[in-house]
Each structure stands twice: as structure tokens, then as C-alpha cells.
Amino acid sequence: EASRVSALIAEAAKEGSLNWVDSVPAPATATALTDAFKKAYNLPNITIKYTRSSTAAIGATLQQQVQAGKVDTDIFGVGDPILFPELKKANALENYSSPELSAYAKLKADFPNDDGYWVTPDAYSYNPVANVKLYSTPITSWQDLLSPALAGKLNVPDVPSYPSQEYWYLGLKTKMPDSFFTQLAATHPGTSNGSSILEATNLAQGKVAVTIMPGFRASQAAKDSGATLQVYYPTEGSVYFGQTYALMANSPHPALAKLFEDFLLSAAGQTQYVSLEGLNSTRDDVPMPANFAQYSRAISDVSVIQLPWDSI
């Protein structure tokens, strides 16, 4: 292993840069992770270009790169499990089995994983989130969203437009009767625009009283704005999504990409990732940070609505 890593470091130093595309980490988180990565592998002079975009936009960009035969993305992370089999079928994914994969046995079956091609080290759920100043009634069931008091004050996911929001709907359909969705539509809720960052900002600013979004985004918005936001976990369960990572085949910086995936999947990388972002790590030895308890519960403490990722 020491010889393998030394060889990768030597090649990485020659490559000099890495292109990382992701839909989750804030720029500050990405900077902290890249700084720690450079220190861990003694690569102070490399450049890591980080681009954060929506899951749908990343998928479209990667497919365009593959079709054009000009791949410039090295490593990417998105919450769309359908994308990875499509890219694998097109021979667009690098087959790389990080030695860190052995630490993901416990939750491996619950989220999208294909040894050597893609791995899901982090997860989050879509839940009702309220601006307590505007709506203080606890939301203990998804049925509580039908309250007349929320008419004109509620945003729901834009199901047809964004993959993760579609998965939320598919998961909830396994627990809730059709009448719930009919009644919800009758309240004429607004729809989110696909950006959980903007949705959290709108909630914090009071443009909407309750929305359905990832709890970790609420923690970031509350910290930035000072607003009191409350994440609720309905008794029927929560739909969890994996933030899945893979390396692109024929990328310009393959050695750096492998080293960066090793670091991202490591205990040190995951601890830093979740402590800054508030997601759950699916790594066996990385617990949910206690400071995010108000916004993100440990997967083991939540009723999870399981989706059949392999056949979705």
C-alpha cells in the first residue's frame, strides 16, 4: 500500500491539478478539504478547481463531455443514482477500488454502491423544515402539511424537474395514500426551484414558512442568517439520499483523482466533511457530529423510507 500511494503521489505531482465537481460542499468546505488533502499527501503546489452545481446540471455536463470525447472532470459527486449506471454503460467511469471501501460495510446495502465504480460515503434526507417565527406548530406527520394554516405558506419539491425531488416523491408514495397528495395539491403549495441553498435562504428570510428540503442546508442557513429553523422527522419516515462519488474515465488527472477519492473516503476526510456540512457519513467509524443534532439526526435514529436503488 505504501508503494502504491508513493507512486500515485509522484504521478499526482506531475499532473499538478484536479477538477472536482459536486452538488453538496459549500466553497468553504471544499477549501478546507483540499487544504487537508494537500497536507496529507505533501502536495502543496497542486491546484484543485472546485465547481459546485446542481445535480441535474452536473449530469448533463458529464454526458456532454462523454459524447464529445473530451472529459475534463476528474471526480464528481451527485445525488442521482440513475446517472452512474448510464455513465458506466458508456464506459465513462474509472474502475478504481479505494482501500477505504472496507470501512463502509454497515450501510453499504442501503445506498447506491458498485465496488470499483461508485460509492456513497454521505447521506441526507428530505424533511419538513419550518421558520419557527412564522410557523411554530410541530410537524409530527406528513399529514400535518395539510393544515389550513399552511395555505400559501408552504413549498414542496418540484417533482418532475429534479432527480432527488422525484425520489422524495417516489419514497413518500410507498407510505402515504394517494389522497394525501390530492389534498396537498388542493392547498396550492409553491414549489422549490431545485436549489436547496436558495430554498434555505428563502426560508430563513421568511419568504416561505415551511418547505421540504435537506436538513443540513437548514443548519447552514440558520448559521448565516440567525433565523430559527426547525427540521422535523415525520413518524411515517424520511426518504434518505446518498451523495455518491465516482471518477471519470479518460480524465486529465487520474492519479490525483484516485488519491483524492482515498482521502474523501478516509476517516479524516469524512470527519471533516460531515463536521462542516452536517450530513451523515455512511462510514462505519464516523458518527454524526453532535453540533448538528437539531438539523440532522443519525440514520440509526430515524425511520428510513428505503428506496430500491438498484431498480429505481
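**Note on salt bridges and a surface patch**

1. R283 is buried, with a relative accessible area of 9%. Keep in mind that this is a predicted model. The cut-off for buried is under 20% relative accessible area, so R283 falls in that class.

2. Which residue does R283 meet in a salt bridge? The partner is D285, and the N to O distance is 2.6 Å. D285 is partly exposed, at 47% relative accessibility.

3. Side chains of opposite charge can pair when their charged atoms come close. The model has 9 salt bridges by the rule used here.

4. Next, the pair E1 and R4. Their side chains form a salt bridge, 2.9 Å from N to O. Is E1 buried or exposed? E1 is exposed, with a relative accessible area of 55%. R4 is partly exposed, at 27%.

5. E1 and R4 also belong to a network of salt bridges. D262 is linked into that network with them.

6. K173 pairs with D178 in another salt bridge. Their closest N and O atoms are 3.0 Å apart. K173 counts as partly exposed, with 34% relative accessibility.

7. Now the nonpolar side chains. Which residues form a nonpolar patch on the surface? They are I82, L170 and I312. Together they have about 200 Å² of accessible area.

8. L170 lies in helix α5, which covers residues 163-173. Its relative accessible area is 34%, so L170 is partly exposed. A patch residue needs over 30% relative accessible area, and L170 passes that cut-off because its value is 34%.

Technical notes: Residues numbered from 1 in each chain as written. Predicted model: local features only at pLDDT ≥ 70, side-chain atom pairs only at ≥ 80, totals over all residues. Heavy atoms only, no water. Patch = residues over 30% accessible without salt bridge, like charges linked within 9 Å, V, L, I, M, F, W, Y side chains within 5 Å. Areas by Shrake-Rupley, 256 points an atom, 1.4 Å probe, with all protein chains shown as cover. Salt bridge = Lys/Arg side-chain N within 4 Å of Asp/Glu carboxyl O. Helix = DSSP H or I, 4+ residues; strand = E, 2+ residues; numbered from the N terminus. Buried < 20%, exposed > 50% of the residue type's maximum accessible area, 1.4 Å probe, protein only.
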